[in-house]
Amino acid sequence: MKIAVLGTGLVGRLLAARLDALGHGVVVGTRDPQATLARTEWSKTGDVDTPPYAQWQAEHPRIRLLPFPQAGAHGELVLNATGGAVSLDALEEVGAENLAGKVLLDLALPLDFSEGFPPTLTVANTDSLGEQIQRTYPDAKVVKSLTSVFCQVMVEPSRVPGEHSIFVAGNDTSAKGTVRALLESFGWPAEKVIDLGDISAARAVEMYSRLYFTLVGALGTFELNINVVRSS
């Protein structure tokens with residue numbers, strides 16, 4: 001499948017590398033490829049040090065770096081791995097015509113670190129980033145998933161031992177089926193993928209981040225998850 005990953009941070013890189021290893025035709029989208037490749041500084045996500053993109057690119061030569069519009073045009077499936085604060089701006093650059101009719105897997109969280117850790121959300125309770133994206137791009141098939149775990153666990157769930165759950169939310173059943181298949185290819189057991197309903201359930205998934213980051217502080221690791229257990 002042709003897949004566009006929007007965002008050049010650790011989340012986007014891990015997803016792009018995993019999808020490439022699975023045999024998909026992957027491109028990464030950014031606002032200005034030359035500026036992205038020119039950066040020399042390292043960054044840190046969670047407790048993971050991330051090298052400059054050019055260094056990562058050299059290690060993944062099959063994955064092309066493209067401007068947002070070209071990346072969106074390439075992808076049959078589009079993954080939004082941009083920062084939640086800039087997701088709507090990034091998707092505007094991709095263009096509605098390049099998103100129409102496509103599954104748009106939204107991985108972003110609208111986090112606000114201005115008051116420290118754990119972060120708050122810029123939108124909550126009565127709305128969500130996932131819903132905002134769906135309203136803005138009504139012809140796209142938005143599915144919210146994977147935001148409840150650290151990016152390394154997204155693509156390698158066995159990093160957290162034992163059974164644990166992941167969630168999907170979206171209006172289109174077939175789009176959720178596409179995302180489910182992708183999750184299973186990452187190693188998520190089918191029975192642990194829980195469908196929360198339509199895109200309004202993105203509120204619950206995004207708001208879980210407060211508990212997640214509180215657990216990170218309490219347990220001293222980003223690699224954790226919850227398991228939903230129900231009576232028979």
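**Close-up views of the predicted model**

**View 1. Contribution of helix H1 to the largest pocket.** Helix H1 gives the largest share of the lining of the largest pocket, namely 4 residues. The model shown here and in the following views is predicted. The largest pocket holds about 1,200 Å³ of space. The elements that each supply two or more residues to its lining are helix H1 (10-21), strand S3 (43-45), helix H7 (151-155) and helix H9 (202-219).

**View 2. Centre and composition of the largest pocket.** In total, 44 residues line the largest pocket. Those nearest its centre are Gly 9, Val 11, Thr 45, Ala 81 and Gly 83. Classified by side chain, the lining of the largest pocket comprises 24 nonpolar, 14 polar and 6 charged residues.

**View 3. The second largest pocket.** This pocket contains about 160 Å³ of space. Its lining is formed by Ser 165, Glu 191, Lys 192, Val 193, Ile 194, Val 228 and Arg 230. By class, the lining of the second largest pocket has 3 nonpolar residues, 1 polar residue and 3 charged residues.

**View 4. Packing of helices H1 and H8.** Two packed helices are described by the angle between their axes and the distance between the axes. For H1 and helix H8 (residues 173-186), the angle is about 85° and the axes lie 11 Å apart. Angles of 65 to 115 degrees count as roughly perpendicular, and H1 and H8 are therefore roughly perpendicular to each other. On the H1 side, Leu 15, Arg 18 and Leu 19 meet Leu 182, Ser 185 and Phe 186 of H8. The residues of this contact between H1 and H8 are 4 nonpolar, 1 polar and 1 charged.

**View 5. Packing of helices H5 and H6.** Helix H5 (residues 87-94) packs against helix H6 (residues 129-136) at an angle of about 25°, and their axes are 11 Å apart. Because angles under 35 degrees count as roughly parallel, H5 is roughly parallel to H6. The crossing of H5 and H6 is right-handed. Ser 87, Leu 88 and Leu 91 of H5 are in contact with Leu 129, Gln 132, Ile 133 and Thr 136 of H6. The contact of H5 with H6 involves 4 nonpolar and 3 polar residues, with no charged residue.

View 6. Most residues other than glycine have a negative phi, and most peptide bonds are trans. Phe 117 and Pro 118 are joined by a cis peptide bond, with omega about 0°. Pro 118 is located in the loop between strand S8 (111-112) and strand S9 (120-121). Asn 125, a residue other than glycine, has a positive phi, near 70°. Asn 125 is placed in the loop that runs between S9 and H6.

Terms used:
Residues are numbered from 1 along each chain as its sequence is written. This is a predicted model: local features need pLDDT of at least 70, side-chain atom pairs count only at pLDDT 80 or more; totals for chains, interfaces and linings use all residues. Side-chain values use heavy atoms; hydrogens and water are left out. On a 1 Å grid over the protein atoms alone, a cavity is a set of points where a 1.4 Å probe fits but cannot get out, and a pocket is an open set with protein on both sides within 12 Å along at least five of seven lines; lining residues have an atom within 4 Å of a point. Grid points are joined across faces, edges and corners, and a volume is the space filled by probe spheres set on the points. Ala, Val, Leu, Ile, Met, Phe, Trp, Tyr, Cys and Pro count as nonpolar, Asp, Glu, Lys and Arg as charged, and the others, Gly among them, as polar. Axes are lines fitted to C-alpha atoms, for helices over the stretch in contact, and angles run from 0 to 180 degrees between N-to-C directions. Angles under 35 degrees count as roughly parallel, over 145 as roughly antiparallel, 65 to 115 as roughly perpendicular and the rest as oblique. A crossing is left-handed if the near helix is turned anticlockwise from the far one by less than a right angle, and right-handed if clockwise. Contact means heavy atoms within 4.5 Å.
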